[in-house]
Amino acid sequence: MVLHNPNNWHWVDKNCVDWSKSYFSEKLEGINATSDDGQTSISITKLANLTGDVDVNQRKGKVISLYDVKIVLDYAGTVGTTPVTGTITIPEVAYDTDEDEYVFDISISGEAKEKLPARELIRKKMVPELRKKLSAFGHDLIETHGKDIQHPVAENRSQFTSSNQTAAGTPKSAATTATETAKKQSSSAYNTTTLRLDFTFNTTAAELYTTFLDPGRVTAWTRSPPVKFTPSEGGEYALFGGNVSGKFVSLIENKTIEMLWRLKDWKPDHFADLKIDFDQGQGETKAIVTWKGVPVGQEDVTRQNFEEYYVRSIKLTFGFGAVL
């Protein structure tokens, strides 16, 4: 996977399946319809399943989307006084599917004659709205994720611009321009993406929050003393022999830890924004972990490192849950 991508020349892709699930949940759940006589009412209650592939790709400066998914929606409602539930299956939502080409398979749980008006209502009033929502997906996909895999045009301007001229307005020497171009390319921005994970620990939010910030506990689950560790807002840290480093940005006791976070192999001075939210439940706590600014191509490395050296190690060290 290409990380440094001058002139947006190399092929870069981004997997957007998880985002697509959230997108369709937001756009489709809650769509409802009522028959003209008011006797039948149906509402989409849940995105039951989404399977397939969703990718945004960039090559030679052009951003495209390639996707082909199957969507299953749950619905519920009433026909008169009779409750009715079922599913709406769209077997193919693809990048080359036109609005009038979508197919809708409507099933009714415990299908009986008195429930059949539900299918008629869905076809008459809900399907047209679903077609519009599905057709908007391709545009929204690129609009949201295209910028993550393509450097801004300003970073790819031709060499002879105002930035390559002296204060007097004359062109810089070829040697000077080449040197500055090389420096610029060595420090140019990554194509970046957002990564979200969540993990469940069998402990309280207070205990888990402390485990991430107490120097003694950090030494225990990282298996070695930190190179540096100042657990306060603005404090810096370096763990695992300096392979992970950053700075604490915001600390909300037992609730949230926000920090700048980087892997040693990333370009100097490039940090992702890492936020860990602690959601206290009944006897367990969910850690919701979100990175913004992870270099495209480093998603798996980031995920694997966090799962292995943070989550697994904390669970093994303090007995905070099963380790698979």
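The following legends describe close-up views of a predicted model.

Residues are numbered from 1 along each chain as its sequence is written, and side-chain values use heavy atoms, leaving out hydrogens and water. Because the model is predicted, local features need pLDDT of at least 70 and side-chain atom pairs count only at pLDDT 80 or more, whereas totals for chains, interfaces and linings use all residues.

**Figure 1. Overview of the protein.** The protein has 7 helices and 13 strands; these elements are DSSP runs numbered from the N terminus (helices: H or I, at least four residues; strands: E, at least two). Of its 324 residues, 40% are buried (buried means under 20% relative accessible area, exposed over 50%, and partly exposed in between, with a 1.4 Å probe and protein chains only). Among contacts (heavy atoms within 4.5 Å) with a separation of 6 or more, 56% involve residues 24 or more positions apart.

Figure 2. Helix H3 spans residues 137–145, and its residues Phe 137, Gly 138, Leu 141 and His 145 are buried. These four lie on the same side of H3, because they cover an arc of only 100 degrees around the axis (the arc is that of the directions from the helix axis to the C-beta atoms). His 139 and Glu 143, on the other side of H3, are exposed.

**Figure 3. The largest nonpolar core.** This core comprises 37 residues (a nonpolar core is a set of buried Ala, Val, Leu, Ile, Met, Phe, Trp, Tyr and Cys residues joined through side-chain atoms within 4.5 Å). The residues with the most contacts inside the core are Phe 212, Ile 257, Trp 261, Ile 276, Trp 291, Phe 306 and Tyr 310. Helix H5 (residues 205–213) supplies the largest share, 5 residues. Apart from this core lies another, of 36 residues, which includes Tyr 23, Ile 42, Tyr 102 and Ile 106. In soluble globular proteins, nonpolar side chains tend to be buried together.

**Figure 4. Surroundings of Ile 257 and Ile 276.** Ile 257 belongs to strand S11 (residues 256–263) and is buried, with a relative accessible area of 0%. Not counting residues up to four places away in sequence, Ile 257 touches Tyr 209, Phe 212, Leu 213, Phe 248, Ser 250, Leu 251, Leu 274, Lys 275, Ile 276 and Phe 278. With the same exclusion, the residues touched by Ile 276 include Phe 212, Ile 257, Met 259, Val 289 and Phe 306. The C-alpha atoms of Ile 257 and Val 289 are 9.7 Å apart, and the two residues are separated by 32 residues in sequence.

**Figure 5. Helix H6 and its packing.** In H6 (residues 215–222), the buried residues are Val 218, Trp 221 and Thr 222. They line one face of the helix, since they fall within an arc of 95 degrees when seen down the axis of H6. The buried residues of H6 pack against H5, strand S8 (228–229), strand S9 (236–239) and helix H7 (299–318). At the start of H6, the backbone nitrogen of Gly 216 has a side-chain oxygen of Asp 214 within 3.1 Å. Arg 223, which follows H6, has a positive phi, near 70 degrees.

**Figure 6. Crossing of H6 and H7.** The axes of H6 and H7 are 8 Å apart and the helices pack at an angle of about 105 degrees (axes are lines fitted to C-alpha atoms, for helices over the stretch in contact, and angles run from 0 to 180 degrees between N-to-C directions). H6 and H7 are therefore roughly perpendicular to each other (65 to 115 degrees; angles under 35 count as roughly parallel, over 145 as roughly antiparallel and the rest as oblique). Arg 217, Ala 220 and Trp 221 of H6 meet Tyr 309, Tyr 310, Ser 313, Ile 314, Thr 317 and Phe 318 of H7.

Figure 7. Thr 203 is situated in the loop between strand S7 (192–201) and H5 and counts as buried at 10% relative accessibility. Beyond four places in sequence, Thr 203 touches Leu 208, Gln 280, Gly 283, Glu 284, Thr 285 and Phe 320. Ser 245, in strand S10 (residues 244–252), counts as buried at 17% relative accessibility.

Figure 8. Phe 240, in the loop between S9 and S10, has a positive phi near 55 degrees and counts as buried at 19% relative accessibility. Asn 254, in the loop between S10 and S11, has a positive phi near 65 degrees and is partly exposed, with a relative accessible area of 25%.

How values were computed:
Polar contact = N/O pair within 3.5 Å; in protein donor to acceptor, adjacent residues only side chain to side chain.
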